[in-house]
Amino acid sequence: MLPHTLARLSTQLGGNQLVLHYLTEKDHAWLRALTDEYERGVGSKRSALFARLKEPLTTPAPKAKQRWAVEVLQRLTDARAKAAVPPREARWATFTAAANFAAPRGEVLKNASLLLGTDAESLEAALFADLRSESTTCALPAALSPEKLALDANLRLVNSWMQRARGVRITAWGNTRALVRQARLHGLICNIRRAGPPDTASAEAAIACGLDPLTESPTEGVELQISGPLALFRHTVIYGRALSALIPRALWCHRFELRAECETSSAAAVATLTVRSGDPLRVGRELAPYDSQVEARFAKDFRKAAPDWHLVREPRPVESLGSLIFPDFELVHRRDGARRWLLEIVGFWTPKYLEEKLRKLRAARLENVLLCIDQERGCSEAELPKDAKIIRYKRRIDVQAVLALV
């Protein structure tokens, strides 16, 4: 079933279009009242404070938006265990006393508190003090303004729908490399191809942003067709989170449009969610030099073990059958430039996905390609393609296995 708050923040229009009710500047006043109320409750029990935050504020707020903002605050803020004795010791002493003495609850707490050198009231308060709901609240992050809280709430709203996606298509123009890297970083199952010029509305928006739609947008346009978590049989939660991480990265592009086919009910009804440039969402941080620890370790290990080979990071993409393939590395022999190999590190995968990738590589007449696949991210039990040059890895790629193949 669709969560009640999520349903209240979304409207399904004719043609099965899904419209989200974002938090905007109009909501900043009551968001300030919400954070002020939170600050007054710092040091109190979390469960009591967050129950209070769902009640009416001094500044009127839309009920569904307020409840959503409270949920976001719960995820953004820390909790602190505050107890006279460590909670685990308190439980051990209390349960041991209850097992050894058939006495009323008050007597059990009294006997256990004597063993721990405290009083019965303090012992009772310590029993579950390490549970998040029973812990005490900490101060808000210093940088959490009403504007940032609104942006975080909006991003989590989009991400909640992305968890329910069957498939996603992202079309982007300008500064798209970061978006592609993010998809590859999380190993998403996707097909990438060049995108044509943006439509009239997108072109007008590009001009408003100071871009030339006839030069900047089309030349860097890419389209990503991505499987959604509901299209898989395993790892759906992890995959959904990886898919959600694309949103902040897409905001780095000059222009983008995301369309996701999302299930809206237990009856598997589907509606289309559209997210575009200009929507009030938080931009992601700048990417690190390497997409993952696996890549960083491989680069370090390969350069150390193979002094006769150059390791080229992010070589030019390969176009084949209307799609773009982005290898992670190119291996070039220092004394024989004709000896070249492309190496791609594959994240989530199915045998069908690998077969399609190999078909495109063959169409591009590329034979010297190594695919390194994560043993823990397979989404199917079927056998792998037999004609593939594949190296399995778990957390670290075996450089000697790579050198043996090249």
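I take axes as lines fitted to C-alpha atoms, for helices over the stretch in contact, with angles from 0 to 180 degrees between N-to-C directions. Helices (H or I, at least four residues) and strands (E, at least two) are DSSP runs, numbered from the N terminus.

The model is predicted: local features need pLDDT of at least 70, side-chain atom pairs count only at pLDDT 80 or more, and totals for chains, interfaces and linings use all residues. Residues are numbered from 1 along each chain as its sequence is written, and side-chain values use heavy atoms, with hydrogens and water left out.

**Helices 5 and 6.** I looked up helix 5 (residues 87-100) against helix 6 (residues 105-116). They pack at about 130 degrees, axes 9 Å apart. I call angles under 35 degrees roughly parallel, over 145 roughly antiparallel, 65 to 115 roughly perpendicular and the rest oblique. Helix 5 and helix 6 are therefore oblique. Their crossing is right-handed; a crossing is left-handed if the near helix is turned anticlockwise from the far one by less than a right angle, and right-handed if clockwise. For contact I use heavy atoms within 4.5 Å. Helix 5 brings Glu-89, Ala-90, Ala-93, Thr-94, Ala-97 and Ala-98. Helix 6 answers with Val-108, Leu-109, Ala-112 and Leu-116.

**Helices 2 and 4.** I find helix 2 (residues 28-40) packed on helix 4 (residues 63-76) at about 45 degrees, axes 11 Å apart. This pair is therefore oblique too. Its crossing is right-handed. Trp-30, Leu-31 and Leu-34 of helix 2 touch Lys-65, Gln-66, Ala-69, Val-70 and Leu-73 of helix 4.

**Helices 3 and 4.** The axes of helix 3 (residues 46-53) and helix 4 come within 10 Å and cross at roughly 155 degrees. That makes the two roughly antiparallel. I note a right-handed crossing here. Arg-46, Phe-50 and Leu-53 of helix 3 meet Gln-66, Val-70, Leu-73 and Gln-74 of helix 4.

**Salt bridges.** I count a side-chain nitrogen of Lys or Arg within 4 Å of a carboxyl oxygen of Asp or Glu. The total is 16. One of them joins Glu-319 to Arg-194, closest N and O atoms 3.1 Å apart. Glu-319 is in strand 11 (residues 318-320) and Arg-194 in strand 6 (residues 190-194), so the pair ties together parts 125 residues apart in sequence.
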